[in-house]
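Dear colleague,

Please find the structure below for your records. My notes on what was found in it follow directly after.

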Amino acid sequence: MKNQKSNSACCPGHLPVVNRRGFLRNSSAGFGWLALAGLLGKQTSSQAATKQIKPHHAARVKNVIFCFMDGGPSHVDTFDPKPALKIHEGKPIGEGAVSKRSQSSAGRVWLGSPWKFQQRGESGLWVSDLFPHLASVADELCVVRSMVGELPLHGQQNLLLHTGRIIGQAPSMGAWVSYGLGTENKNLPAYVVLNNDWVPNGGLENFGSSFLPATHQATMVRAKGVPVDNIKPEDSRSLQRRKLALLAEQDAAFAKRASEASPIESAIANYETAFRMQTLVPEVSDISQETQHIQRAYGVDSKDVHQHYYATQALRARRLVEAGVRFVEITCPSFDSNNSPWDQHGLLKKNHEKNARITEQSVAALITDLKQRGLLDETLVVWAGEMGRTPHTPKVTPTCGRDHHVNGYSLFMAGGGFKGGVTYGETDEFGNSVIINPLTIHDIHATILHQLGINHEGLSFRHGGRDHRLTDVHGTVIKEILS
């Protein structure tokens with residue numbers, strides 16, 4: 001089930017420029033050489049645009065790295081072993097297993113996992129043979145097996161995962177973190193998306209700031225080619241100053257007539273950041289500075305181009321949090337332009353193995369690298385897709401797959417004050433629905449914010465006549481999984 005991607009965008013290059021206000025509102029993440037206040041010494045408006053709250057309590061975490069497994073990895077093939085599926089494979093699921101929240105009917109049949117599960121590490125955490133590298137860091141993983149979504153649609157579930165709303169039109173989690181805490185490094189943005197040439201269903205709204213000041217939207221860094229467009233100025237410094245002086249003169253007059261100043265202030269703040277980024281972003285993005293040993297550990301030397309680029313982005317993620325970026329998201333590359341990366345309605349074994357080969361070595365290396373550098377305690381790594389996969393299929397064949405499933409699925413956290421080598425929650429014997437400790441993404445959001453020192457009920461922004469939160473009116477901190 002594939003829904004239409006949104007055309008809305010969080011980055012300037014994706015929106016039409018219709019007038020000066022539109023230009024100022026939407027051009028901030030294109031970077032280039034604009035830095036109005038940065039060059040002209042104007043600080044007041046940018047300070048208003050980047051105002052942040054104070055932490056509500058002592059933070060356990062400084063940074064978050066979100067490894068987004070777009071399309072929905074199968075929970076019963078990764079971290080939630082279900083021997084009953086193999087025993088009953090090919091048998092009809094029956095009316096009792098039918099759910100409106102998944103692609104199901106009584107005539108569908110159970111499908112066992114093509115991979116074996118083993119207990120890993122000292123903790124004995126169950127991990128599938130699909131993930132040999134993640135199995136090696138099992139003692140660092142806190143696996144939640146009881147996630148429950150809302151709709152079995154990629155776009156809606158992606159938006160829910162990122163913004164807490166299935167309809168979008170709300171800031172992403174990274175934008176809320178940026179708004180709440182700002183960046184540790186004034187020369188870098190607080191929120192970066194390491195994109196692998198794939199925009200998930202739901203569109204760039206997954207990474208947007210919505211009604212928050214535009215300075216909190218994601219900065220997009222590409223895997224291929226130049227990481228950020230226009231990051232190096234083409235003009236001489238003197239010509240750059242003359243152009244900016246002309247723009248400043250025009251915009252000062254425009255600002256006096258504008259009915260709303262905040263978009264202009266946000267844009268100016270972004271120009272300031274962009275100006276300062278011209279030196280640091282190329283340096284942080286350059287992984288050639290890393291040893292060959294580290295590059296090989298991440299998989300940068302892979303002959304699979306998708307794995308090479310994912311490994312590059314994972315290594316950049318570590319470099320970015322070291323440099324002070326608060327929230328980094330790594331998207332998945334898609335080897336099939338018609339489907340989300342993990343969306344295997346058919347060819348489950350072949351394509352889940354390909355996705356695992358592309359991503360899991362790099363994620364495991366990231367966790368290991370952070371730990372060896374003493375950064376894992378203060379950095380939270382989150383691994384999650386927007387949904388799981390059905391434990392049943394229309395017919396068991398060598399090329400069959402699994403469909404969309406939100407009744408119960410898995411994700412994991414590593415580091416950041418989460419207990420390692422543990423599981424939380426439980427699905428039934430077939431992995432079809434949650435029976436113990438059901439959680440929603442609001443609970444995960446609340447817990448992540450808690451570790452960052454933010455009370456999710458206290459982080460709000462007034463818009464449209466009411467106060468908005470990432471968790472809306474939902475969310476409970478899951479203290480049982482915190483160390």
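Helices (H or I, at least four residues) and strands (E, at least two) are taken as DSSP runs, numbered from the N terminus. Residues are numbered from 1 along each chain as its sequence is written, and side-chain values use heavy atoms, leaving out hydrogens and water. This is a predicted model, in which local features need pLDDT of at least 70 and side-chain atom pairs count only at pLDDT 80 or more, while totals for chains, interfaces and linings use all residues.

The chain has 13 helices and 18 strands. Of its 483 residues, 60% are buried (under 20% relative accessible area; exposed is over 50% and partly exposed in between, with a 1.4 Å probe and protein chains only).

Leucine 347, with a phi of about 50°, is found in the loop between strand 8 (327-330) and helix 12; its relative accessible area of 36% makes leucine 347 partly exposed. Asparagine 437 has a phi of about 55° and lies in the loop between strand 16 (434-436) and helix 13 (441-451). Asparagine 437 is also partly exposed, at 35% relative accessibility.

Helix 11 (residues 305-323) and helix 12 (residues 348-372) have axes (lines fitted to C-alpha atoms over the stretch in contact, with angles from 0 to 180 degrees between N-to-C directions) that come within 8 Å and cross at roughly 20°. The two helices are therefore roughly parallel (angles under 35 degrees; over 145 is roughly antiparallel, 65 to 115 roughly perpendicular and the rest oblique).

Yours sincerely
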